[in-house]
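Hi,

Here is the structure I promised to pass on.

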Amino acid sequence: MMPSRKPESRTRVGYHARFARCKEALPTPHFETEYGSAFHGDALMLLPLIPAGCVDLILTSPPFALRRKKAYGNEDAARYLEWFLRFAGEFHRILTPRGSL
């Protein structure tokens with residue numbers, strides 16, 4: 001029996017090739033490791049720069065509306081969905097087929 005082979009997009013070589021393609025369109029990262037990069041800036045300005053299908057994970061904090069106003073200026077629960085939808089289309093576009101939000 002032959003060992004199973006991971007799809008190209010899941011191998012280390014495939015990952016690094018995709019990562020390099022995705023980085024070309026972006027500004028200099030604020031922080032970077034061999035596993036990915038973090039950018040500092042307005043997400044609504046940075047997201048359109050990311051090529052489609054380049055991101056494996058999007059982490060939001062928090063990923064839901066808070067009931068109490070925080071010092072950092074979170075959106076009111078009544079307006080949260082309207083606010084979040086501005087990001088949702090870009091999140092969907094840049095996620096890989098196996099990506100997570």
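**What turned up**

The side chains of Thr 96 and Asp 56 are joined by a polar contact of 3.1 Å. A polar contact here is a pair of N or O atoms within 3.5 Å; within protein, one must be able to donate a hydrogen and the other to accept it, and residues adjacent in sequence count only if both atoms are side-chain atoms.

Before the rest, some background: this is a predicted model, where local features need pLDDT of at least 70 and side-chain atom pairs count only at pLDDT 80 or more, while totals for chains, interfaces and linings use all residues. Residues are numbered from 1 along each chain as its sequence is written, and side-chain values use heavy atoms, with hydrogens and water left out.

Back to Thr 96: its place is in strand E4 (residues 95–100), and with a relative accessible area of 11% it is buried. Buried means under 20% relative accessible area, exposed over 50%, and partly exposed in between (1.4 Å probe, protein chains only). Helices (H or I, at least four residues) and strands (E, at least two) are DSSP runs, numbered from the N terminus.

There is one salt bridge in the structure (a side-chain nitrogen of Lys or Arg within 4 Å of a carboxyl oxygen of Asp or Glu). Arg 93 forms it with Glu 90, and the closest N and O atoms are 2.7 Å apart. The two residues sit three apart in helix H3 (residues 80–94), so about one helical turn separates them. Arg 93 is partly exposed at 29%, and Glu 90 is partly exposed at 22%.

Best wishes
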